[in-house]
Amino acid sequence: MRKTLIKGALAIGTLFCASSMCRAESVKQPIIAQASPTENAKIAVLEKEAASGDVKAQFNLGRLYDEGDTIPQDYAKAAQYYQKAADKGLIQAQFNLGNLYDKGQGVPQNYSKAITYYQKSLDQGYEPARDALDEIYENHPDLKPEDNS
């Protein structure tokens with residue numbers, strides 16, 4: 001019973017200790033994403049398609065690395081795949097790449113690049129980019145373009 005409780009607590013990353021025997025370093029246990037054999041086969045196909053220039057495969061691999069649910073999270077690889085898809089005009093890849101630059105995940109934080117990619121996706125009609133741009137401009141008014149109207 002006690003082993004089951006401890007395993008359950010470690011699985012969610014939190015262990016509440018009632019005795020002085022517990023140590024702080026045992027509280028956080030990383031949960032590592034692992035793909036099943038079927039998922040590994042799908043990922044291998046995506047990698048082959050992405051290498052041949054398939055924009056959807058490039059985006060999907062970027063998303064997998066970004067989210068880290070199926071494979072270990074790797075923002076740098078996510079940025080590389082998003083970049084390839086964004087360069088081909090894929091709206092969601094442009095937005096997600098902007099988000100990585102905005103947060104400095106996998107790439108150096110760069111609000112100018114974030115703005116560029118958010119704007120590219122907004123120019124193609126992706127409305128969530130408007131909120132992302134508004135947030136950057138609210139937090140960094142010096143980056144907001146001058147109103148020339």
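Contact here means heavy atoms within 4.5 Å. With that in place, residues 24 or more positions apart account for 36% of the contacts in this protein that have a separation of 6 or more.

A word on the source. This is a predicted model, in which local features need pLDDT of at least 70 and side-chain atom pairs count only at pLDDT 80 or more, while totals for chains, interfaces and linings use all residues. Residues are numbered from 1 along each chain as its sequence is written, and side-chain values use heavy atoms, with hydrogens and water left out.

The overall layout, then. The protein has 7 helices and 0 strands, and from the N terminus on its elements run α-α-α-α-α-α-α. Helices (H or I, at least four residues) and strands (E, at least two) are DSSP runs, numbered from the N terminus. Of the 149 residues, 31% are buried; buried is under 20% relative accessible area, exposed is over 50%, and partly exposed is in between, with a 1.4 Å probe and protein chains only.

Next, the core. A nonpolar core is a set of buried Ala, Val, Leu, Ile, Met, Phe, Trp, Tyr and Cys residues joined through side-chain atoms within 4.5 Å. The largest one has 32 residues, and Leu61, Tyr82, Leu97 and Tyr118 have the most contacts inside it. At least two residues of this core come from each of helix 2 (37-51), helix 3, helix 4, helix 5 (91-103), helix 6 (111-123) and helix 7 (128-139). Helix 4 gives the largest share, 6 residues.

How do helix 3 and helix 4 pack? Helix 3 (residues 55-67) and helix 4 (residues 75-87) have axes 7 Å apart, at an angle of about 160°. That makes the two roughly antiparallel. Axes are lines fitted to C-alpha atoms, for helices over the stretch in contact, and angles run from 0 to 180 degrees between N-to-C directions. Angles under 35 degrees count as roughly parallel, over 145 as roughly antiparallel, 65 to 115 as roughly perpendicular and the rest as oblique.

Helix 3 passes helix 4 in a left-handed crossing, meaning that the near helix is turned anticlockwise from the far one by less than a right angle; clockwise would be right-handed. Helix 3 contributes residues including Gln58, Leu61 and Tyr65, and helix 4 contributes residues including Tyr81, Tyr82 and Ala85. By type, the contact divides into 9 nonpolar, 2 polar and 4 charged residues. Ala, Val, Leu, Ile, Met, Phe, Trp, Tyr, Cys and Pro count as nonpolar, Asp, Glu, Lys and Arg as charged, and the others, Gly among them, as polar.

Beyond its neighbours within four places in sequence, Gln58 touches Ala50, Gly53, Tyr81, Lys84, Ala85 and Lys88.

On to helix 6 and helix 7. Their axes come within 9 Å and cross at roughly 150°, so the pair is roughly antiparallel. This crossing is left-handed. The contact holds 10 nonpolar, 2 polar and 1 charged residues.

Leaving aside neighbours within four places, Tyr118 is in contact with Phe95, Gly98, Asn99, Asp102, Ala129, Ala132, Leu133 and Ile136. Ser121 is buried, with a relative accessible area of 0%.
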